[in-house]
Amino acid sequence: MKRITFFLFAVFTMTMVNSKTLTERQRGLAACACLMAQGDIVRLEPAIRTALDDGVTINELKEAFSQLYAYTGFPRSLNALGVLSKVLENRQSNWQEGTPWVRPAEWDDAKKAYELGVKNQTQLSGRPFNYEFCPQDDYYLKAHLFGDIFAGHQLSAADREIVTVAALSGLEGVAPQLAAHKQGAVNMGNSQQLVDELSAWLLEKGLVLNSTWPKGELNSAYAQYFIGNSYLAPLGGENGLVNVTFEPRCRNNWHIHHKSVQVLVCVAGYGWYVEEGKDPVVLKPGVVVAIPAEAKHWHGAAKDSWMQHLTYMTKVEEGASNEWLEPVTDAEYDKLPAASPCH
């Protein structure tokens, strides 16, 4: 077991990238875009406050959330604008309104909007782009997305791509579009270093779960023993190796493994292992915890991060069982600090 543990530690230990190029303002835009795309309005509210504190203007956030409807849909765009409106009910004196909104001239001239869209799409793609397979989408992209939307004056083209890359990073099943926009972000004026740092920062911040391990299916069978959503991906093996994914703030109930030892190996994100009567242990990639039989404990994601851990049982004796106990209350959980190194 020691040899397996050492191997897993070596494989999964990660070195985080410290951002040197991203400004606090750009981080604020990226965080809000990523959380908006995921529909995570709980984490979006404090992210909006932080962004406004760090120099993002109110009108820039309106522009970003409006633009992203083209990538995430109107429901999430409107929800994000609703959160922004709620935040502004307690407006702080240091928050800036920003450049006054002006109706783009292209909105009143379809030809100009289309021409602007062709120009922007060509620059972003690095070459003329024509989607002849579906003329409808080709027109929508040119006339509306890269024409009408990009005609707004609140965000620069470079800022728009930071927002888009951050949003797509928070979505599943959009790898081709994310790759295209990472290159597009460079073509629209960002440095390659900044784009690389953006991707690393989103991961380090816990805004996205960048993992080669399968997320699996929603853990509906054991949902009654969890607060928040978790996902299971059985990996096989005689010890019943399973990968468990926890969304931010998700944790299981207090529980006890009788006559068996549970091993946790964190492979992505940040979280907590808490054993009754002992100091909490931060779960981060490479951390291995062997949970003694009969120990009352719980484990889950940090409030600011997704988390994945592998788990399997060992030293299983005859009559082994699992005893589920009371939930971990918000009051207990919120006493723990953020686990992400960015906080």
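**A tour of the α3–α4 helix pair**

The crossing of α3 and α4 is right-handed, that is, the near helix is turned clockwise from the far one by less than a right angle. This is a predicted model, in which local features need pLDDT of at least 70, side-chain atom pairs count only at pLDDT 80 or more, and totals for chains, interfaces and linings use all residues. Residues are numbered from 1 along each chain as its sequence is written, and side-chain values use heavy atoms, without hydrogens and water.

Select residues 41-53 for helix α3 and residues 58-67 for helix α4. Their axes lie 10 Å apart and the packing angle is about 135°, taken between N-to-C directions on a scale from 0 to 180 degrees.

Next, display the side chains of L44, I48 and L52 in α3, which meet I58, L61 and F65 in α4. Contact here means heavy atoms within 4.5 Å. The residues of this contact comprise six nonpolar, no polar and no charged.

Finally, show the whole protein. Twelve helices and 13 strands are present, assigned as DSSP runs of at least four residues (H or I) and at least two (E), respectively. The C-alpha trace spans about 75 × 50 × 35 Å along its principal axes. Of the 343 residues, 46% are buried, with under 20% relative accessible area for a 1.4 Å probe. Among contacts between residues at least 6 apart in sequence, 74% join residues at least 24 apart.

Methods. Nonpolar A, V, L, I, M, F, W, Y, C, P; charged D, E, K, R; others polar. Buried < 20%, exposed > 50% of the residue type's maximum accessible area, 1.4 Å probe, protein only.
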